[in-house]
Amino acid sequence: MTTHCAIEMTVNDKRYTGLVEPRLSLADFLRDHLGLTGTHVGCEQGICGSCTILLNGETVRSCLLFAVQAHGATIVTIEGLAAKAKSGDRLHPIQQGFLETVGFQCGFCTPGFLMTTYEFLQENPSPSEEEIRERLTGNLCRCTGYQNIVAAVQWAAERLRAR
Amino acid sequence: MRRHGLDAKILAGGQSLVPLLNLRLTKPKILVDLNGVSGLDHIRETSAGLRIGAMTRQSGVERSAIVREKCPVLAEAIRHIGHLAIRHRGTIGGSLVHADPAAELPAVALALDAKFEVLGDGMARAVCADEFFIDYLTTSLRPDEILGEIIFPVLQPSSGYAVEEVARRHGDFAVAGVVAVVDLDGEGKIIGPRVALFGVAPTAVRARAVEQAMIGQQPGNELIRDAAALLRDMLDPPGDIRASSAYRKRAAAVLTVRALTKAVQLCHTRRLS
């Protein structure tokens, strides 16, 4: 018999509670229980990076965590990124950068790229192209060939430095 | 673990185990999550070396000022593991206990003769690195034991080190790799060389013949090349979809030359500074 566990966590500044099977992945909890379907599930083996979120401020693969392990945690998903923009801006500069440079095509991988970039630019506000490419190796995109994604990160870095 | 025996599996960072669960390649009935257990997440400097709790995240070890100062080869090796998002969850103990032959950390532990503090049934026992790794994905941990701490010896401030590997992409599993540490005496001769390879055998392996050939010698291109050539008789690597046996053998020798050359250079630089 499977028992259910009561969990609570803060996602994008909102408190949520849930009753989940211990085996439920955090990605499935965010998507299916909370309706936050911006977190995409690609490979389910931690390779593709589409499900990347911030757990207590650090990027993690939400497909490799169980929802019960995030009990008490503070999470930011792609849905919470725009709220981190300057007040009045509809999009975060990283999101705007991907739009400006057309840093996506089908968009499946984009949420993961944005969350990875968010952590990266906080650590390193003025990255070189090589540093950008190295950090983005943990996220796979099968459409763009990465060139415009790198340009998007550069655009966002410049915009964030200016503010 | 005592109650459930082989039906149970320990969950550490989950960066190797959870993919196996998601792919249905392993089906334990019970998962015992160590993430809520206190006392397994720390980095302490002691007279025996750096004591690192098994549940310390790889990214925490990589960024630790004390690790970078006292055992920089460990921080250097961790940079090669997966990607930052993996290292934020992945633990040092989890990687060692998983004992993937292509993983970096077992090779570092072997190269440095790290000690493993094993906990079980109210008892603790210490296991040397060369007795810890038994076979492919197999360690000498018993089913009712866990790894508590790993003790990494501190490197001399003058020691040179390098971690070299070949992988298809940055962050991929290594096809082959090597960890090298050397020091030079007052006359510039090699002391305490340590070479451990990964990805070329069922476990990480110490290249003792290579080390022996270098002890007390003046370092130079020819010495390093001849020493690395001894790997030819020592290794019989497995071939798989990523690389043939012959490729791995050749890569191991080339990487060993590179790593030793780099380590010796770093020795010179660090001695001057």
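Start where the chains meet: select chain B and chain A together. In this predicted model, 21 residues of chain B are in contact with 19 residues of chain A. The two chains bury about 1600 Å² between them. Of that area, 57% lies on carbon and sulfur atoms.

**Stop 1: charges across the chains**

Between chain B and chain A there are 2 salt bridges. To see one of them, pick B:Arg63 and A:Glu123. Their closest N and O atoms are 3.0 Å apart.

Next, look for polar contacts. Chain B and chain A share 7 residue pairs of this kind, both partners at pLDDT 80 or more. Which elements of chain B supply at least two residues each to the side that touches chain A? Select α1 (17–22), β2 (30–33), α2 (58–63) and α5 (84–89) of chain B. The largest share comes from α5(B), with 5 residues. Colour this side of chain B by class: 9 residues are nonpolar, 8 polar and 4 charged.

**Stop 2: the two domains of chain B**

The domain assignment gives domain 1 (5–152) and domain 2 (160–272) of chain B. Give each its own colour. The C-alpha centres of these two domains lie 23 Å apart.

Zoom in on the boundary. Here 25 residues of domain 1 of chain B are in contact with 22 residues of domain 2 of chain B. Together the domains bury about 2000 Å². Carbon and sulfur atoms carry 63% of it.

How many salt bridges are counted between domain 1 of chain B and domain 2 of chain B? The count is 3. Across the interface of the two domains, 6 residue pairs are in polar contact, both at pLDDT 80 or more.

Now select α4 (72–78), α7 (104–111) and β7 (133–135) of chain B. Each supplies at least two residues of the side of domain 1 that touches domain 2. The largest share of that side, 6 residues, comes from α7(B). By class, this side of domain 1 of chain B has 15 nonpolar, 3 polar and 7 charged residues.

**Stop 3**

Over all chains, the count comes to 26 salt bridges. Go to B:Arg2 and B:Asp121, one of these pairs. The closest N and O atoms are 3.3 Å apart. This pair links distant parts of the chain, 119 residues apart. B:Arg2 sits in the segment before β1 (8–11) of chain B. B:Asp121 is in the loop between β5 (115–120) and β6 (123–128) of chain B.

Is B:Arg2 buried or exposed? B:Arg2 counts as exposed, because its relative accessibility is 61%, over the 50% cut-off. B:Asp121 is partly exposed, at 48%.

Move to B:Lys70 and B:Glu69. Their side chains meet in a salt bridge, 3.7 Å from N to O. B:Glu69 counts as exposed, at 53% relative accessibility.

Finish at B:Arg79 and B:Glu76. This salt bridge spans 3.7 Å, N to O. B:Arg79 is partly exposed, with a relative accessible area of 36%. B:Glu76 is also partly exposed, at 22%.

Notes
Residues are numbered from 1 along each chain as its sequence is written. Chains are lettered from A and ligands numbered from 1 in the order in which they are written. This is a predicted model: local features need pLDDT of at least 70, side-chain atom pairs count only at pLDDT 80 or more; totals for chains, interfaces and linings use all residues. Side-chain values use heavy atoms; hydrogens and water are left out. Domain bounds come from an automatic or database domain assignment. Contact means heavy atoms within 4.5 Å. Buried area is the accessible area (1.4 Å probe) that two parts lose on being put together, summed over both. A salt bridge is a side-chain nitrogen of Lys or Arg within 4 Å of a carboxyl oxygen of Asp or Glu. A polar contact is a pair of N or O atoms within 3.5 Å; within protein, one must be able to donate a hydrogen and the other to accept it, and residues adjacent in sequence count only if both atoms are side-chain atoms. Helices (H or I, at least four residues) and strands (E, at least two) are DSSP runs, numbered from the N terminus. Ala, Val, Leu, Ile, Met, Phe, Trp, Tyr, Cys and Pro count as nonpolar, Asp, Glu, Lys and Arg as charged, and the others, Gly among them, as polar. Buried means under 20% relative accessible area, exposed over 50%, partly exposed in between (1.4 Å probe, protein chains only).
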